[in-house]
Amino acid sequence: MSGQLSGRVTEDPSALVRELVLDPQFRYETRTLLPSYVAIEKVIVAEYLRMDLIDAEQARTLGGLLDDVTPERIEEARQQNLSDIALALERTVTEGLSAPVPVWHVDRSRNDLQACAQVMYAKQRLRETAGQLHALADAARRLAERSVDVLMPGYTHFQSAQVISAGFYFAALDERLLRRSRRLLLTYDSIDACPLGAGALSGQELAWDRERIARLLGFERPEPLALTAVASREWALEATAELGLLGATLSRFCTDLLMWAGSEHGFLDLPDALSGISASMPQKKNFPLLERIRGKTAHLAAFHVDALLGQRNTPYTNLVEVSKEAGAHVAQAFDTGRDVLRLFTAVLEGLRLREDKLLAACEKEFFGGFTLANQLTLRHGIPWRTAQVIAGGYVLAAVRAGHTPEEHAPDVLREIAAGHGHTVDAVDAEALLQDAFDVRRALRRMSSAGSAHPDRVGEVLAAQQQDAKVLADAWAVRADAVRTARATTNRALGLVTSTE
């Protein structure tokens, strides 16, 4: 069959090559790229029509045959076409013609077809990922809005450090997700250049209108240089890099949730439908879903490294090694990213904060040490570093005496201050301790923008809501461009009326 396709190679691929290389690639591309190939072929027909190489009836016939292509019909043509999706699509359309169209696929190469189909697929998956990102961001924002007054310990260096709120924490997750959306949008715009019209390597002999081609395929612009169009697969590196960064961020938040859901903390709970059991310890309620999410984020980094190593040390031109092998797991990377986002969204939507446990954890810690040092400086003029030493000495003495933060010892504070050459009277000492170690006042002491103060968190969440809308609108514009482009192509081929 190969001789019918090129004349240069006269034997079919071996059974081994088909089994291990060609057939798996064919089925992968049929599953992921067939809609893009069909759209590309319709634009090629529109260009033949524009160049007066075919007439309107031929264009309409070719366009209709392309619309009738299905994965099943393509599969029927696989064996006769080297298990190549572009050649199989060509044969499927050709066999449907009642009369030959001699120029069908004149001046064409598979190289730019494949490059274009892959970028179109990447754009589609980036749009889908952005939608899933925003669903998770919305869930994080709703949780944050409900919990801006829910006190909880904030941690540094794996140690409880200051009082924050659950709303403050989940606002941070929302912010990071919106940042990822912005970066995905930049990635989308950077790859929104159409490779079609580059030919095999150096351009094409016919006067293809590459600006028009780009518009009809929903691209913002054509790829300027033919070599770059067929050689570069940087889009795969950029997209998987962003997915890897997303995974790294979500794994950190997931680590917190795993720790806080554990029996030692008990800060949060998940519905039974999102939980697991122990087969041997009936008292346990496990949260393996969180472990699954965190485990899947590792795959996202691995997929990026796989794509990166697949391109490294290869010549800068069109290569099967780069165009096929190096991108073998790109679809799986997007699928894994989708699964992580959907699962994390379910977690946040079902998560229940145990406010009593969170408050108790705040009340047992001497979080007011920072405030005490501040007030010793601001109210009594004690130099800041000395105030730190005095406040730390007071906490140490209270811990050794077995006192809780609410059990004030003003005489101890006065004695430690005196030991450093500073006088604090009894009334002031009691007032300082009362103010510093009042956990319920901790959040409202914070006044700076972006702090854990409920009002400041509310301001951030309102800004995030607006930011989310702007980003969602930007993604919608790009999706509309693709839909409009396909409708325009159909009209050019006479497949729909001008009013549709």
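In the predicted model, helix α3 and helix α7 cross in a right-handed sense. The two helices, α3 spanning residues 34-50 and α7 spanning residues 110-146, pack at an angle of about 125 degrees, and their axes lie 9 Å apart. On the α3 side the contact is formed by S36, Y37, A39, I40, E41 and I44, while α7 contributes L113, Q114, C116, A117, M120 and Y121. Sorted by class, the residues in this contact between α3 and α7 comprise nine that are nonpolar, two that are polar and one that is charged.

A strand pairing was also identified, in which β1 (residues 151-156) and β2 (residues 159-165) run antiparallel and are joined by six bridges. Within this pairing, T156 has Q159 of β2 as its bridge partner. The hairpin built from β1 and β2 has two residues between the strands, and in this hairpin H157 adopts a positive phi near 55 degrees.

With regard to annotation, an unreviewed UniProt entry lists residues 89-297 under "domain: Fumarate lyase N-terminal".

Technical notes:
Residues are numbered from 1 along each chain as its sequence is written. This is a predicted model: local features need pLDDT of at least 70, side-chain atom pairs count only at pLDDT 80 or more; totals for chains, interfaces and linings use all residues. Side-chain values use heavy atoms; hydrogens and water are left out. Two strands pair if DSSP finds at least two bridges between them. Helices (H or I, at least four residues) and strands (E, at least two) are DSSP runs, numbered from the N terminus. Axes are lines fitted to C-alpha atoms, for helices over the stretch in contact, and angles run from 0 to 180 degrees between N-to-C directions. A crossing is left-handed if the near helix is turned anticlockwise from the far one by less than a right angle, and right-handed if clockwise. Contact means heavy atoms within 4.5 Å. Ala, Val, Leu, Ile, Met, Phe, Trp, Tyr, Cys and Pro count as nonpolar, Asp, Glu, Lys and Arg as charged, and the others, Gly among them, as polar. UniProt positions are given in the numbering used here, feature names are shortened, and annotations may be inferred rather than shown by experiment.
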